[in-house]
Every structure is written in C-alpha cells, then in structure tokens.
Amino acid sequence: MTFTRSLLAVAALSLPAPAAIACAAHAEASHAAITLAASHGDDHEMARGASAVEAGALTITGAFSRATLPNAPVGGGYMTISNSGDTDDRLLSVSSTVSGRAELHEMQMEGDVMRMRALDDGLPIPAGETVELRPGGYHIMFTDLLAPLVAGEIAQVTLTFEQAGEVSVPLAIADTDATGVMEHGGTH
Ligand SMILES: [Cu+2]
C-alpha cells in the first residue's frame, strides 16, 4: 500500500494535469480504433478472453483491455454487463491491479469530435437489460498506469455495484486494435 501511494505521488508530481493529458490521448486512440473496426473483419481482432463472471443477477462477459505502448498514461476496459434480475443496479466504481485509478467514462460524437465525460453518478445497469462497455462508448479508463498493458496477460479489475456489491473480473489484455474477445466455448 505504501509502495502504491508513493508511485501515485510521483505520477501526480510529473503530470500536473493528468486528466487533460489522459483525455487527449484517449480520444485519439479511440478514433483510431473506430477506423480499424470499420475497415477490418472481426475474426483476427478477437483475442481469447476470460470466462463469464456471475454475481447475483449480473453476468459479466467479454472483459478485455488493449495493450498499451510504453509510457502511455491510460488504458481502456471493456465488457458486457447483463442484469437478469427485477432490480435496477448501478456500477458505482472500479479499481484495478494495473493502475493507480480507474474511472467510468462515456464517449460521444459531437459533430466530428469525440468527447469523453466521466460518469459521476456511475453507470446504470437497468433490470432486464444488457449494457455494453466498448471502444467509442461507455468504458473504464485506467489512469496512472503502473506498467504498460501487455497482450496475453490478465489484469484483475474490481467492480463495485450498488446491488451486487464488489465483483472481481479478470480482464484479458488483447492487441492494441482489438474490438473484442472470445469467450471460452463461445460461438462468435
Ligand atoms: Cu475515457
């Protein structure tokens, strides 16, 4: 814990405005990703993912991140969250083993410009619905990365939900241009 805090302190000192830097880097990365997604087929961009995670009424599938370049300040986290229950839930906060902080963000096109905003009230997961976190939309943003994300490795993410509580999810790190991951035993 002491070690993590001192790392954060160093990061804070060397990046006077981490949020602004993160947003700029992230917006560019996402734009590139969308271009790739539009021009490529699906198959070769799929990497092998982790198994589905169930927690109460929630099922979380396809959790993945993308490998980052050395010195990249941020990374993204993506997954699909289904709520099969009768009660609305809400993803309140996120933490991870790979970053000092993790935030919930939303990307939206405003004219020709991709803009990102923090979801200060969390991400609603309504009863009976499925919410997708994906490049160009809702996503987890890992800030203060402790080390580059390496394809083939697994990061551990802890999601805190209003109803389902704390849920640990393994995040498969895929290639830098991945648009998704295959579930074990999946057919797509
Ligand atoms: Cu973001």
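**Strand pairing and the nonpolar core**

Strands β2 and β3 form a hairpin with 2 residues between them, and G56 in the turn has a positive phi of about 60°. Strand β2 (residues 53-55) runs antiparallel to β3, to which it is joined by 3 bridges. Within this pairing, E54 stands opposite T59 of β3.

With β4 it pairs in the antiparallel sense over 6 bridges, and T61 has T80 in β4 as its bridge partner. With β12 (residues 165-174), β3 pairs in the parallel sense over 3 bridges; here S65 stands opposite I173 in β12. As for burial, 8 of the 9 residues of β3 are buried, so this strand is largely enclosed by the rest of the structure.

Strand β12 is also joined to β11 (residues 154-161), in this case by 8 bridges and in an antiparallel arrangement. A hairpin of 3 residues connects β11 to β12, and T158 stands opposite S168 in β12.

The largest nonpolar core contains 33 residues, of which F64 and L171 touch the most other members. At least two residues of this core are supplied by each of β3, β4 (74-83), β5 (89-96), β6 (99-110), β8 (123-125), β10 (138-145), β11 and β12. The largest share, 5 residues, comes from β12. When residues up to four places away in sequence are not counted, L171 touches A63, F64, S65, G77, I154, A155 and V157.

For the chain as a whole, 2 helices and 13 strands are assigned. Of its 188 residues, 32% count as buried. Among contacts in the chain with a separation of 6 or more, 74% are between residues 24 or more positions apart.

Confidence in the prediction was also examined. The average pLDDT of the chain is 78, and 70% of the residues score at least 70. Over residues 1-25, the pLDDT is below 50, and this stretch has 21 contacts in the model beyond near neighbours in sequence. Residues 27-48 likewise have a pLDDT that stays under 50; for these residues the model has 31 contacts beyond four places in sequence.

Definitions and conventions: Residues numbered from 1 in each chain as written. Predicted model: local features only at pLDDT ≥ 70, side-chain atom pairs only at ≥ 80, totals over all residues. pLDDT = per-residue confidence, 0-100. Contact = placed C-beta atoms within 7 Å. Pairing = 2+ DSSP bridges. Helix = DSSP H or I, 4+ residues; strand = E, 2+ residues; numbered from the N terminus. Buried ≥ 20, exposed ≤ 12 C-beta atoms within 10 Å, placed from the backbone. Core = buried A, V, L, I, M, F, W, Y, C linked by C-beta atoms within 7 Å.
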